[in-house]
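These are my notebook entries on one model. I record what I looked up, entry by entry.

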Amino acid sequence: MDEAVSQAAPGKTLDVVAIQQIMRDIPHRYPFLLLDRVVDLVRNQSAVGIKNVSVNEPFFAGHFPNHPVMPGVLIIESMAQTAAVLVVETLGPEAAGKVVYFMSIEGAKFRRPVTPGDQLRIHVTKDRNRGNVWKFSAVARVDGVSVAEATYAAMIMDRAAPI
């Protein structure tokens, strides 16, 4: 599957981007990798990220004890990671050594809490890109019901040298 993902033509729908490919696409790692898989990726257009929310997530220990709720900022981060995979899969080999940085978040709305056992389906659509700046719209859903939405911009830059 990884070969098919990296060699897909622009505009081609990819069924699944597995976790191994996500980890090649973006630098995030546990506990901050907030995607399990990306499905229905259409290069240069859209993608759906999947985050299975487990009671074992480290943030639930403090947010909130005896009433676990996924922090809204982490839902937004899941949206950003989905968009970053879309960018890298769109750019293909040209994205080697690049990283996608948040520039702005606008219109973030949280509709209902996300709790253990939920599966976030993060629908990201590229609104436009100009040079290395890309703009996106995203809606996160659980069981088809919107739980969060936002628009945001990101910049594609060279990855910083390791410390």
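I began with Phe102, which stands opposite Ala154 in E7. E4 and strand E7 (residues 145–158) pair in the antiparallel sense over 10 bridges; two strands count as paired if DSSP finds at least two bridges between them. Strands (E, at least two residues) are DSSP runs, numbered from the N terminus.

I noted the basis of the entries: this is a predicted model, in which local features need pLDDT of at least 70 and side-chain atom pairs count only at pLDDT 80 or more, while totals for chains, interfaces and linings use all residues. Residues are numbered from 1 along each chain as its sequence is written, and side-chain values use heavy atoms, with hydrogens and water left out.

I then traced the sheet. Seven strands form an open sheet in the order E1-E2-E3-E5-E6-E7-E4, with antiparallel pairing. Strand E1 (13–17) and strand E4 (98–110) stand at the edges; each has a single partner strand, so one side of each is left without a neighbour in the sheet. Neighbouring strands of this sheet are turned by 20° against each other on average, direction ignored (axes are lines fitted to C-alpha atoms, and angles run from 0 to 180 degrees between N-to-C directions).

I turned to the aromatic rings. The structure holds four aromatic pairs; rings of Phe, Tyr and Trp (its six-membered ring) pair if their centres lie within 6.5 Å, and planes under 30 degrees apart count as stacked, over 60 as edge-to-face and the rest as tilted. The ring centres of Phe59 and Phe60 are 4.7 Å apart and the planes stand at 65°, so this pair is edge-to-face. Phe59 is buried at 14% relative accessibility, and Phe60 is buried at 6% (buried means under 20% relative accessible area, exposed over 50%, partly exposed in between, with a 1.4 Å probe and protein chains only). For Trp134 and Phe136, the centres are 6.3 Å apart and the planes at 15°, so the pair is stacked. Both Trp134 and Phe136 are buried.

I found that Phe102, Trp134, Phe136 and Tyr152 form one aromatic cluster. Lys126 lies over the face of Trp134, at 5.3 Å from the ring centre; the criterion is NZ of Lys or CZ of Arg within 6 Å of the ring centre and within 35 degrees of the ring normal.

Last, I checked Arg43, in the loop between strand E2 (37–42) and strand E3 (46–52). Arg43 is buried, with a relative accessible area of 6%. Its side chain reaches the backbone oxygen of Thr90 at 2.6 Å, and the backbone oxygen of Glu89 lies 2.6 Å from a polar atom of the Arg43 side chain.

How values were computed
Helix = DSSP H or I, 4+ residues; strand = E, 2+ residues; numbered from the N terminus. Polar contact = N/O pair within 3.5 Å; in protein donor to acceptor, adjacent residues only side chain to side chain.
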